[in-house]
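Here are my notes on the model, as numbered points. They go from single residues to the chain as a whole.

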Amino acid sequence: MIIEGLKIHGSGNDFLIIDELTTNLTFTEQEREKLAKALCDRGRLGADGILFVMKSEQADCRMRVFNADGSEASMCGNGLRCVARYANDALGLDKMIVETMKANLLVEKTKDIYKGIPTFKVEISPVSFNVKDLPLIIERETLQNEPLPELHSSLLFSALAVPNPHLITLVDSEILQSGLQADLSAKVNQPNELFPDGVNVSFVKELEPGSIYVRTYERGVGFTNACGTAMSASSLVTCSIGLNELEREISVYNNGGKVKCVVHFDEKKQTYSIDLIGNATYEFKISLKIDKNQPEQFVILEKHKFEEETSLYAKLQDEVQTYLQTTL
């Protein structure tokens, strides 16, 4: 079979979009898993995951996210921005609702985060601090800027689901530059007694008032240039400890670029939500010949690069890296 794909990234977190919204393509669950493993292999095509954009009975479209290891993620913030861009082009809607595994979320085209770069604002919710929703196996209901001695003797951690599970700690430059994050991430994403399903691990450093740096180890992927739900969750954590303020834009820097986050709290419902604002950049369009039973033997038939878009984003990345060299 022939599949048309689109390589796209949000903050350097890259995906292959497969369109089931405007085509007749359809896949079994096993085929989705196999496709993700085959196409995301960095030795061949390469991506952090596949975004299947699908028809929905309750929203404008539906997003399903499969990680590079074939596992399905309940949510992906950077991926949602990418789906928003693609659906905006396909449906002609600047504002729409996207069905995800846990919630139907509002997405909309917004002012450029950097001149000429297509930018989208997406809703990140639901948010839960209950450790059972990650799950995290401890004797408490929540873990908010508290020790987790089973994992480390001195760091303070916050655990929350957005709805992907996240473990977040604020660190200084010395810890950030050590190998500690890799060690802790490996521990909680292998068989362990704390996080039976694994967890995304983020180390966060304050850069200056209103600006933070976030580096994330994603379960099912490893270290990525950026993780949208991690940046959103990290922004919420900094607000919860008084480092940043609700309803104020937070600049969130990462190895893939930058985004902006705004944390909201609904007093009536006593619930949080986060706006994640950032790029959705096309890299290339590709035509693939694939045998569903042996997708690893795919053949690239045609490839068209979006050189102007990638060049423009590279300028943003250069500016971000220059800034981080002086602040990290």
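1. Where is the place of Asn145? In this predicted model, Asn145 sits in the loop between S8 and S9. Its phi is positive, about 55 degrees, although Asn145 is not a glycine.

2. The peptide bond that joins Leu134 and Pro135 is cis, with omega at about -10 degrees.

3. Pro163 belongs to the loop that runs between strand S10 (156–161) and strand S11 (165–170).

4. Gln270 is not a glycine, yet has a positive phi of about 55 degrees. This residue is found in the loop between strand S16 (257–266) and strand S17 (271–279). Is Gln270 buried or exposed? Gln270 counts as exposed because its relative accessible area, 52%, falls in the class over 50%.

5. Ile97 is part of strand S6 (residues 95–99). With a relative accessible area of 30%, Ile97 is partly exposed. Which residues does Ile97 contact, leaving aside its neighbours within four places in sequence? They are Ala59, Asp60 and Cys61, together with Asn104, Leu105 and Leu106. As for Val122, it lies 25 residues from Ile97 along the chain, and the two C-alpha atoms are separated by 9.6 Å.

6. On aromatic side chains, the count comes to seven pairs. One of them is formed by Tyr217 and Phe223, whose rings are 5.3 Å apart centre to centre. The planes of Tyr217 and Phe223 make an angle of 85 degrees, so the pair is edge-to-face, a class that takes angles over 60 degrees. Phe223 is partly exposed, at a relative accessible area of 40%. Elsewhere in the list, ring pairs link Phe27, Phe52 and Phe66 into a cluster.

7. Turning to the whole chain, the secondary structure comes to six helices and 19 strands. Among contacts with a separation of 6 or more, 61% are between residues 24 or more positions apart.

8. Of the 328 residues, 56% count as buried. The accessible surface of the protein chain is about 14500 Å², and carbon and sulfur atoms account for 45% of that area.

9. The protein chain has 34 positive and 47 negative charges. How far apart are the mean positions of these positive and negative charges? The separation is 3 Å.

Conventions:
Residues numbered from 1 in each chain as written. Predicted model: local features only at pLDDT ≥ 70, side-chain atom pairs only at ≥ 80, totals over all residues. Heavy atoms only, no water. Helix = DSSP H or I, 4+ residues; strand = E, 2+ residues; numbered from the N terminus. Buried < 20%, exposed > 50% of the residue type's maximum accessible area, 1.4 Å probe, protein only. Contact = heavy atoms within 4.5 Å. Areas by Shrake-Rupley, 256 points an atom, 1.4 Å probe, with all protein chains shown as cover. Lys, Arg positive; Asp, Glu negative; His and termini not counted. Charge placed at Lys NZ, Arg CZ, Asp CG, Glu CD. Phe/Tyr/Trp six-rings, centres within 6.5 Å; stacked < 30°, edge-to-face > 60°.
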